[in-house]
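Please open the structure in your viewer and keep a selection tool at hand. The tour below goes from one stop to the next, saying what to select and what is there.

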Amino acid sequence: MSEHKTVVCPYCGFGCRLLVDPKTMKVKPYPGEPNRGKLCPKGLYALEFVFSRDRLRRPLKREGQKMRPISWGQAMEEISHKLLEIRELYGPDAVAFIASSKVSNEENYLLQKIARLFGTNNIDNCARLCHEASVHALKLALGTGAQTNPYEDLENFNAILIWGYNPAETHPVVMDYILKAKKKGAKVIVVDVRETRTMAFADYKLVIRPGTDIVLANAMANVIIGEELYDEEFVKARTRGFSEIRMAVRKYTPEYAEKVTGIPAGTIHEAARTFALAGSGAVMWGMGLTQHVSGVENVLAVINLALLLGYIGEKGGLYPMRGQNNVQGAAYMGALSEFLPGYVPLTDEKFRKRVASLWGVDDLPTERGLYLTELWEAIERGDVKALYIVGENPAVSEADFMRVRRALRKLDLLVVQEVFMTRTARYAHYVLPASAFCEKSGSYMNSERRIQWGHKICEPMGDSKPDWEILTMLGRALGLPGFSYSSVEEITAEYFRLFPELEERSVDELKNGEGIFLPRKRLHTWDFATPDGRARLFAVERVRPWEEPDKEFPFVLTTVRLISHYNTGEMTLRSPSLVKLMGEPRVLINEHDARKLGIRDGDWVEIETRRGRIRMRAKLGGAPEGVVVVPFHFKANRITSPALNKAGTPELKFSACRIRKLRSGRPTQGTPR
Ligand SMILES: Nc1nc2c(c(=O)[nH]1)N[C@H]1C(S)=C(S)[C@@H](COP(=O)(O)OP(=O)(O)OC[C@H]3O[C@@H](n4cnc5c(=O)[nH]c(N)nc54)[C@H](O)[C@@H]3O)O[C@H]1N2
Ligand SMILES: Nc1nc2c(c(=O)[nH]1)N[C@H]1C(S)=C(S)[C@@H](COP(=O)(O)OP(=O)(O)OC[C@H]3O[C@@H](n4cnc5c(=O)[nH]c(N)nc54)[C@H](O)[C@@H]3O)O[C@H]1N2
Ligand code: SF4
Ligand SMILES: [Mo]
């Protein structure tokens, strides 16, 4: 095994490690933590996209309709010149940066450093489309914004509540932990708008009407409080807000909840009792909660359940399961428009000044920057003139993407730093070729906040360069202080200095061990990070979706993920083994609804919202009446709702739509047959 090197899987936030033999480039699962000898197909075939013929190999510059090769030196000179000119004319906030949840901590750290030294907090990443509502809710309730416990704890809990989250498709390896817990007797409760693959393993299958989760959570709290099943000692000693929440949930009886959610009152009652009487439990959640206009409130409502029962520390944990391989790291490194590194608010003067002095300046900008999802309107208004994107594909991943594409066309300067010529890169003035994960070294942070080292396995493709090298050149070209890095380890050492918990740790330790938890393995065992050390119970009321079904658009459209597809498909579609495993993405329609509309299995249908239309083949079943389920990976965002919640996340899980049968159809380009 000694000749093998480890890398971190470039797909999901579970953070499996891969053992790679540099001679054969064969992948084996890492036997230790966190994946314990397991991988899903995406991990197993993770190296395939790296060797795709489509890889970008040279910097490119737009000339009319054509993209022509240009040298690195020339590209950097022209890009930095244009950025400085725009700053001179319109101020630093006319420039925005999008960081990447795909690239390393070091690379995200550098990009947010560039943005802030340049003078703007317009720096964000796809966490905004994902778990930012969880971060905001957790910050309000506990004072910290991340998963509280490690995966290993899952096996020791007596109950696992899985809410709006489908790990059997999206984090396959965490299923191993959940199933081990189940074997030991843990009860599994799953709440989803449809019967998912995960639900197949559940003791309680709660199929809920889309967007009514607060009503269910409040009804469960109603049972827990009404029957005095809550942990009185914990609630008294470690929380605030109990009397408010007791009052607020009084009207949310299981009978009332049945009418709103569609789940039988008896089932709600039983599930609440089972979860409460288990004595310990985890709450795991995903996009089914966060991608709603009620995202922050949804998450607060389920956090309440854990707090009422004292399911914190040794007795339980909160698991907002992170999406991308390094979305947790991007956030911790400060690639968010409202937070400095470590989720520290921009207004924390002491910390801000400390960061500034480490970077060789007096202070940093304090106004919150634009959210990723606010950029498109800001570009339309003419407030933002230049956009620098690293490893993100908003022309496909953003809600109502036609609006995004219009905005991208309007920019004076668009730079895209990528491994492929993505849908977004096609709008760029400059495309910079980045090396892929296994062609460079660096650290990544998984959902349980474990920082792991990815070792360089092979040489960069063509003339591509690691993102950190490109950003070092950019920082230097912009004349920013301190951009003299000659190795990635120098950047690791620099970010270590920002976190007191890492000050005593060494980069070598990170390279050789099973990773380092930041700030520590388990949070809030003794106290919370709120000013008074207590957690806060928030009474939340139902928030209605932005666009409810009506006569014209009578169905609810929700968008979901499939196991062999990944996000906008740029990587998975270039992996021949994964393409073989992929089925054709189809829209799931309830059988009764289909019959009424004369739609049969396999028919082409058109799904239309107020934004536009898409075509897809139908698959009957797998969706409750009135709900239409579309895989998000390709064209769903042609029609999704752009309404944002308090944390800036679009309502990707709820739009009003109509469907009709078509005589024939043709798959959209980029869609597997
Ligand atoms: N194979 C694969 N794995 C992935 C990804 C991928 O694209 N492909 N992407 C990664 C990323 S970035 C992320 S963020 C994670 C996401 O992981 P998940 O959160 O598991 O992913 P989704 O399928 O988007 O949504 C989860 C579930 O929410 C349900 N849902 C929709 N609306 C509602 C609602 O109103 N209430 C409730 N209770 N449920 C609802 C859907 O039916 C769906 O089953 O996956 C990561 N892992
Ligand atoms: N309708 C709908 N829309 C959604 C969602 C949904 O559930 N429904 N989910 C949302 C969520 S949770 C997320 S996270 C977003 C994801 O949205 P995106 O982050 O835009 O999607 P990805 O396809 O993961 O894009 C990552 C890009 O990084 C590039 N890349 C990979 N490795 C590297 C590297 O080393 N360097 C550089 N420079 N680039 C690299 C890849 O080629 C790819 O183009 O989508 C969101 N959009
Ligand atoms: S579970 Fe996630 S991290 Fe593990 S191999 Fe699959 S995609 Fe990669
Ligand atoms: Mo995500």
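In which sense do β25 and strand β28 (residues 655-661) pair, and over how many bridges? Select both strands: β25 and β28 pair in the antiparallel sense, over four bridges. Bear in mind throughout that this is a predicted model.

**Stop 1**

Show the side chains next. W604, E606 and E608 point one way from β25, while V605 and I607 point the other way. In a regular strand, side chains alternate between the two faces of the sheet.

**Stop 2: an open sheet**

Select the seven strands of the open sheet with the order β5-β4-β18-β17-β16-β6-β7. The pairing in this sheet is mixed. Go to its edges, where β5 (66-69) and β7 (123-124) stand. Each of these two has a single partner strand, so one side of each is left without a neighbour in the sheet.

Inside the sheet, pick β16 (residues 386-390) and β17 (residues 413-418). These two strands run parallel, joined by five bridges. To see one pair of facing residues, select I389 and look for V416 in β17, which stands opposite.

**Stop 3: the nonpolar cores**

Which residues have the most contacts inside the largest nonpolar core? They are M284, Y388 and F437, in a core of 119 residues. Helix α3 (residues 105-118) supplies the largest share of this core, with seven residues. There is also a second, separate core of 64 residues, which includes A141, A221, W285 and L307.

Centre on Y388 and display what surrounds it. Not counting residues up to four places away in sequence, Y388 touches a list of residues including I79, F97, L111, V415, L432 and L474. Q417 is also among the residues that Y388 touches.

**Stop 4: I178**

Move to helix α6 (residues 174-183) and select I178 within it. Is I178 buried or exposed? Its relative accessibility is 1%, so I178 counts as buried. Leaving aside neighbours within four places in sequence, I178 is in contact with I160, I162, P167, V188 and M284.

For a sense of scale, draw a line from I178 to R476. The two residues are 48 Å apart in space, C-alpha to C-alpha, and 298 residues apart in sequence.

**Stop 5: ligand 1**

Select ligand 1 and the 34 residues around it. Those that come nearest are T170, D192, R194, D213 and R561. Several elements can be coloured in this shell: α5 (167-170), β9 (187-192), α12 (287-290) and β23 (555-560) each supply at least two residues.

Next, look for backbone atoms beside the oxygen atoms of the ligand. A backbone N or O atom of N166 lies 2.9 Å from an oxygen atom of ligand 1. G211 likewise has a backbone N or O atom 2.9 Å from an oxygen atom of ligand 1. For M287, a polar backbone atom is 2.8 Å from an oxygen atom of the ligand. Ligand 1 has 920 Å² of accessible area on its own, and the protein covers 99% of that area.

**Stop 6: backbone details in the loops**

Finish with the backbone. Select E33 and P34: the peptide bond from E33 to P34 is cis, with omega near -5°. P34 lies in the loop between β3 (26-29) and α1 (41-44). Another cis peptide bond joins L518 and P519, with omega about -10°. P519 is in the loop between β21 (516-517) and β22 (535-536).

Then select M25, in the loop between β2 (17-21) and β3. M25 is not a glycine, yet it has a positive phi of about 60°. Its relative accessibility is 19%, so M25 counts as buried.

At 13% relative accessibility, D400 counts as buried.

Technical notes:
Residues are numbered from 1 along each chain as its sequence is written. Chains are lettered from A and ligands numbered from 1 in the order in which they are written. This is a predicted model: local features need pLDDT of at least 70, side-chain atom pairs count only at pLDDT 80 or more; totals for chains, interfaces and linings use all residues. Side-chain values use heavy atoms; hydrogens and water are left out. Buried means under 20% relative accessible area, exposed over 50%, partly exposed in between (1.4 Å probe, protein chains only). Contact means heavy atoms within 4.5 Å. Two strands pair if DSSP finds at least two bridges between them. A nonpolar core is a set of buried Ala, Val, Leu, Ile, Met, Phe, Trp, Tyr and Cys residues joined through side-chain atoms within 4.5 Å. A residue is near a molecule or strand if one of its heavy atoms lies within 4 Å of it. A polar contact is a pair of N or O atoms within 3.5 Å; within protein, one must be able to donate a hydrogen and the other to accept it, and residues adjacent in sequence count only if both atoms are side-chain atoms. Accessible areas come from the Shrake-Rupley method with a 1.4 Å probe; for residues, only the protein chains shown count as cover.
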